[in-house]
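Subject: Model for you to look at

Hello,

Here is the structure I promised to hand over. Please open it first, then read my notes below.

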Amino acid sequence: MSDVLEITESNFEDAVVKETRPVLVDFWTPTCGPCRLLAPVVAALAAANEGKAVVAKCDASANVNLAVQLNISVVPSILVFKNGQTVARLSGVQKQAKLQELIDANL
């Protein structure tokens, strides 16, 4: 089973921008109830997409500069990156099927 990658300001460039596979990043905070509801969905996506896409989480409260740079104003926010560029953005709790569609559309 694939683990969810933890994104920080220090590894964002290598883990997201330079990654050739699609990268789905869940921006969350520890005090966010809806973020906790989304966590098992993100974990399931990581397992389902092992080897073909990267599924990651970023604590927006611990990586404020990155959250500001990416215009994260609400959590949870899901961003999908392809070739270092944001190609999709959703806010709020999402169903696994919807997030899988975003990944599949960018493979």
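N83 is exposed, because its relative accessibility is 55% and the cut-off for exposed is over 50%. Its backbone is worth a look too. N83 has a positive phi of about 50 degrees, yet it is not a glycine. You will find N83 in the loop between strand 4 and strand 5 (85-91). Keep in mind throughout that this is a predicted model.

Now go to the loop between helix 3 and strand 4, where N71 lies. Phi of N71 is positive as well, near 60 degrees, and N71 is a residue other than glycine. N71 counts as exposed, at 58% relative accessibility.

The loop between helix 3 (64-69) and strand 4 (77-82) also holds P76. V75 and P76 are joined by a cis peptide bond, with omega at about -5 degrees.

Next, the charged pairs. How many salt bridges does the count come to? The count comes to three.

Start with D26 and K57. Their side chains form a salt bridge, with N to O at 2.7 Å. This pair links distant parts of the chain. D26 sits in strand 2 (residues 23-28), K57 sits in strand 3 (residues 54-59), and they are 31 residues apart. Are the two partners buried or exposed? D26 is buried, at 0% relative accessibility. K57 is buried as well, at 13%. Both calls follow because buried means under 20% relative accessible area.

Then take E19 and R21. Their side chains meet in a salt bridge at 2.8 Å, N to O. E19 counts as buried, with a relative accessibility of 17%. R21 is partly exposed, at 31% relative accessible area. That value for R21 falls between the two cut-offs, so the label is partly exposed.

Last, D14 and K18. They form a salt bridge too, and the closest N and O atoms are 3.4 Å apart. Here D14 is exposed, with a relative accessible area of 52%. K18 is also exposed, at 55% relative accessibility.

Finish with the positive phi values at N71 and N83.

Best wishes

Methods
Residues numbered from 1 in each chain as written. Predicted model: local features only at pLDDT ≥ 70, side-chain atom pairs only at ≥ 80, totals over all residues. Heavy atoms only, no water. Salt bridge = Lys/Arg side-chain N within 4 Å of Asp/Glu carboxyl O. Buried < 20%, exposed > 50% of the residue type's maximum accessible area, 1.4 Å probe, protein only. Helix = DSSP H or I, 4+ residues; strand = E, 2+ residues; numbered from the N terminus.
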